[in-house]
Amino acid sequence: MNYKNKKVSFRVLGCRLNQSEVASLKNQFAHRGYRVVGSDDVADITIINSCAVTTQAEAKTRAEITAAAKVSPKGKIILTGCYAQEKKADLLNLKNVHMVIGNLEKTRLVEFVENMDQWANKAEVADVNDPRLVQSHDYYTFSQDSIAETDRTRAFVKIQDGCNYFCTYCIIPFLRGRVRSRKSDEILQEVMALEQKGYKEIVLSGINIGTYKQDEDFDLTALLRSLLENTSTTRFRLSSIEPNLITGEMIMLMKVSTRLCNYFHIPLQHGSDKILKLMNRKYNLDDFAEVITKIRRAIPNIAIGTDAIVGFPGEDEEDFQGMYDFIQKYEFPFLHIFRYSKRDGTKAAKMPHQVRDIDKKNRSAKLRKLGDQLQENYIKKFLNKELDVLFESPSGGNSDNFVYVKVNSDKDLTNEMKKVKITKVFKSQAEGVIIE
Ligand code: SF4
């Protein structure tokens, strides 16, 4: 059966890397003659790029399968991504799921769809120990068809995949494989193509982007330099980066460059050295504090976001209070809170002293309240100050330090970069007037 000219829709869960992959897949399908439709439209084929980072993410993936089957009862569902990699057998048993494609094979998804009948009710999922997922190499080749284009002003470009850190709570290294970096010229071509298409912000994405290394002398800072030198209008944003991988050079580049967003997302994960050790994180609280202090000394108004896991095995009230105090002391304006959830196959799943759900719930509620307050305090610092805002909608957008700003405008400002003076602050967002 010829699947060309068929309607294909996409659903995506989880991280920015998944979003970037879906953006690229949409483009590939469109170039091959498929009609890409929205997730609420009836489609012949629905592709779901799934997530398995927590049990909630898995539940959301299953909910997306149900929703896709409801929207397109006669359509075929193809699952890919981390949940597909993890639970291929279970997923193939679900009604409407036609095929399951692993993380490695994702780049050849169009081919699989084109030979869909022969793949009915089958999974093509390479083992995570497959040499192609273990060795550092570049399996991803740039083509105009695979640009990670979105319908917004911000694009996500994949620079690396995989992780070698094996934090004891995390399933990702078992599902995405070992660290491998894309070649810088491939990344540059994609970035230049996106700039030409009018994208004004590019988020460099991956699983552990600080490990980016094309070779011994070409690391993430070298990549950033090369991207800044070879482009002229786009601003760049780093996605989450591990604290031990932030270098002085990188901080200095951010300080001097007007096109590298003053924003770091540095996952703390916990505020107790005991728990950090159990988590197999690569730093203690003193190391973390040192990095934050160094960054803030160089770039005083920078926004630093972080992640916190609540209810890791062994976390008692004192450990939790330690985390609360640390976050309060270092005033992280953007706080992502995760409740620990057991992932089979990880070390933490077998650890004693698992925390009760009710404690996780209460502790995360307490942290959420703190997070809201810290965000408001941070945004208030910009009252009567000017910020560079990239408009993502007719009258709202984000500054480079991630303050969401609304303005009153008769004109549709989407995809325009404007200097805005902040005049009011409402909790998580600001209001301002355009001054340029
Ligand atoms: S650094 Fe740790 S949490 Fe992040 S992907 Fe690697 S193992 Fe998972």
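Guide: A crossing of two helices is left-handed if the near helix is turned anticlockwise from the far one by less than a right angle, and right-handed if clockwise. The model here is predicted; local features need pLDDT of at least 70, side-chain atom pairs count only at pLDDT 80 or more, and totals for chains, interfaces and linings use all residues. Residues are numbered from 1 along each chain as its sequence is written.

Visitor: Is the crossing of α10 and α11 left-handed or right-handed?

Guide: The crossing of α10 and α11 is left-handed. Helices (H or I, at least four residues) and strands (E, at least two) are DSSP runs, numbered from the N terminus.

Visitor: At what angle do α10 and α11 pack?

Guide: Two packed helices are described by the angle between their axes and the distance between the axes. Here α10 (residues 220-229) and α11 (residues 248-256) pack at about 25°, with axes 9 Å apart. That makes α10 roughly parallel to α11 (angles under 35 degrees count as such).

Visitor: Which residues make the contact?

Guide: From α10 come Leu-220, Thr-221, Leu-224 and Arg-225. From α11 come Glu-249, Met-250 and Leu-253. Contact means C-beta atoms, placed from the backbone, within 7 Å. These residues divide into 4 nonpolar, 1 polar and 2 charged.

Visitor: Now the strands. Which strands close into a barrel?

Guide: The order is β17-β18-β19-β21-β20, 5 strands with mixed pairing. Neighbouring strands of this sheet are turned by 50° against each other on average, direction ignored. Two strands pair if DSSP finds at least two bridges between them.

Visitor: In what sense does β18 pair with β17 and with β19?

Guide: β17 (residues 386-391) and β18 pair antiparallel over 3 bridges. Phe-391 stands opposite Gly-397 in β18. β18 (residues 396-399) and β19 also pair antiparallel, over 3 bridges. There, Asn-398 has Tyr-404 as bridge partner. The hairpin of β18 and β19 has 4 residues between the strands, and Phe-402 takes a positive phi near 60° in that hairpin.

Visitor: Which strand pairs with β19 in the parallel sense?

Guide: That is β21 (residues 429-434), over 4 bridges. Ala-430 in β21 is the bridge partner of Val-405. As for faces, β19 (residues 404-407) has Val-405 and Val-407 on a covered one, and Tyr-404 and Lys-406 on an uncovered one.

Visitor: Which way do the residues of β13 point?

Guide: In β13 (residues 235-238), Arg-235 and Arg-237 point one way, Phe-236 and Leu-238 the other, and all are buried (20 or more other C-beta atoms within 10 Å of a residue's own). β13 runs parallel to β10 (residues 201-205), joined by 4 bridges. Val-203 stands opposite Arg-237.

Notes
A residue is buried if 20 or more other C-beta atoms lie within 10 Å of its own, exposed if 12 or fewer, and partly exposed in between; C-beta atoms are placed from the backbone. Axes are lines fitted to C-alpha atoms, for helices over the stretch in contact, and angles run from 0 to 180 degrees between N-to-C directions. Angles under 35 degrees count as roughly parallel, over 145 as roughly antiparallel, 65 to 115 as roughly perpendicular and the rest as oblique. Two residues are in contact if their C-beta atoms, placed from the backbone, lie within 7 Å. Ala, Val, Leu, Ile, Met, Phe, Trp, Tyr, Cys and Pro count as nonpolar, Asp, Glu, Lys and Arg as charged, and the others, Gly among them, as polar.
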